[in-house]
Amino acid sequence: MTVFNAARTRPCRPFVAAVAGLGLLAPLVLAAAAPADAASRGTRLGASYDISFSGLTFAKGDLSVDIKGNAYEARMGMRTSGLVGVFVASKSNAESTGRLRGSHVVPTRYSMMAEESKISSRVAIHMGQGNVQDFAVSPQLKKRPDRIPVTKRHRYNVVDPLSAAIMPIARKRDSLSPEACNRRLPIFDGWQRYDVQLSYRRTENVSGRGYDGPVIVCGARWIPVAGHRPAKKSVQYMADNKHIEIWLAPVADEPLLVPYRISLRTMSGDIVVEARKMTLREMDKRRAAR
């Protein structure tokens with residue numbers, strides 16, 4: 001599972017479009033907030049999600065994030081399931097590594113693979129100090145006269161889609177405050193450069209799926225920067241879309257947030273990503289023995 005750019009033009013059906021990227025939810029679908037003080041130990045987060053389209057569950061996703069010292073390694077995968085999986089076999093996987101630096105992540109490597117029938121997409125990005133050093137993607141975006149070109153400056157001070165899901169929080173007491181939502185994520189996915197602006201909407205109470213208690217609800221806006229075609233209806237729709245939310249839940253006593261629920265309205269219907277199971281494990285066993 002990787003960041004999906006819902007506005008990117010690709011030859012795929014609605015189900016496949018959702019599976020092959022979950023478009024602009026990139027950082028949202030797997031937004032794990034990994035605070036700096038958790039990095040002094042060792043933490044492993046695991047989460048499983050059901051993904052539905054217009055009320056029909058069509059895919060399952062899994063996320064794992066390992067944090068040790070100030071280094072992180074994240075993996076995510078998604079696959080179609082149930083009857084949909086019989087007719088549309090699709091899967092995607094992504095991996096990312098990097099370091100936590102204060103309230104920011106500094107990625108070093110990102111790779112993504114998505115396959116559906118005879119259609120496949122691949123991305124490999126190498127980064128340093130927040131800047132893209134080299135990258136390769138397949139397929140290439142078709143050249144169009146109205147496409148905003150991605151230049152070298154668009155690849156400075158960015159994060160990859162999966163690293164964007166790791167959001168450091170300086171203080172645990174802020175994990176359920178409006179401040180936890182207030183951030184802008186500059187993302188380069190290999191094809192396009194865009195931002196995701198998060199903002200606080202409200203607080204809810206939930207139960208089940210490994211967590212009972214309050215969650216903070218963030219609204220999200222997709223902001224195209226380069227690589228898109230401004231006149232396309234899908235681009236205009238997603239840029240104006242005010243129906244995107246991510247529900248973030250704290251994990252045990254850790255200053256850590258994980259996505260409990262994500263909802264996105266598309267031109268074809270609503271996509272909902274909801275946690276089926278969440279687990280957190282300390283890799284430093286000495287703490288458990290205290």
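Two strands are said to pair if DSSP finds at least two bridges between them. The legends below apply this definition to a predicted model.

**Figure 1. Overview of the predicted protein chain.**
The predicted chain contains five helices and 13 strands. Of its 290 residues, 54% are buried.

**Figure 2**
Strand β6 covers residues 119-128 and strand β7 covers residues 131-138. The two strands pair in the antiparallel sense, with seven bridges between them. One of the positions to look for is Ala124, whose bridge partner in β7 is Ala136. Two residues lie between the strands of this hairpin, and Gln129 takes a positive phi near 55°.

Strand β2 (residues 56-68) runs antiparallel to strand β3 (residues 71-80), and ten bridges join them. Asp62 stands opposite Gly77 of β3. The hairpin formed by β2 and β3 has two residues between its strands, and Gly69 in the turn has a positive phi of about 65°. Strand β3 also pairs with strand β4 (residues 90-101), in the antiparallel sense and over nine bridges. Here Ala74 stands opposite Ser96 of β4.

**Figure 2. Salt bridges of Arg75.**
The side chain of Arg75 meets that of Glu73 in a salt bridge, with a distance of 2.5 Å from N to O. Arg75 also forms a salt bridge with Glu95, in which the closest N and O atoms are 3.9 Å apart. Because Arg75 lies in strand β3 and Glu95 in strand β4, this pair ties together parts that are 20 residues apart in sequence. Arg75 counts as partly exposed at 35% relative accessibility, Glu73 is partly exposed at 28%, and Glu95 is partly exposed with a relative accessible area of 31%.

The structure holds 13 salt bridges. In one of them, Asp50 is joined to Arg276, and the closest N and O atoms are 2.7 Å apart. Asp50 lies in strand β1 and Arg276 in strand β13 (residues 270-282), so the pair ties together parts that are 226 residues apart in sequence. Asp50 is partly exposed, with a relative accessible area of 22%. Arg276 is likewise partly exposed, with a value of 32%.

Arg183 belongs to strand β8 (residues 183-188). Arg183 is buried yet has no salt bridge. The nearest side chain of opposite charge is that of Glu179, 8.6 Å away. A salt bridge needs a side-chain nitrogen of Lys or Arg within 4 Å of a carboxyl oxygen of Asp or Glu. Leaving aside residues up to four places away in sequence, Arg183 touches Met167, Pro168, Ile169, Val196, Gln197 and Leu198.

In helix α4 (residues 233-240), the residues Ser234, Val235 and Met238 are buried. Seen down the axis of α4, the buried residues fall within an arc of 100°, so they line one face of the helix. Lys233 and Asp240 are exposed, and they are carried by the face of α4 turned away from its buried side.

**Figure 3. Backbone features in two loops.**
Ser54 is found in the loop between β1 and β2. Although Ser54 is not a glycine, it has a positive phi of about 55°. Ser54 counts as partly exposed, at 48% relative accessibility. The loop between β7 and β8 holds Asn157, which is not a glycine either and has a positive phi of about 55°. Asn157 counts as exposed, at 58% relative accessibility. Pro139 has its place in the loop between β7 and β8. The peptide bond leading from Ser138 to Pro139 is cis, with omega near 0°.

Notes: Residues numbered from 1 in each chain as written. Predicted model: local features only at pLDDT ≥ 70, side-chain atom pairs only at ≥ 80, totals over all residues. Heavy atoms only, no water. Helix = DSSP H or I, 4+ residues; strand = E, 2+ residues; numbered from the N terminus. Buried < 20%, exposed > 50% of the residue type's maximum accessible area, 1.4 Å probe, protein only. Lys, Arg positive; Asp, Glu negative; His and termini not counted. Contact = heavy atoms within 4.5 Å. Arc of directions from axis to C-beta.
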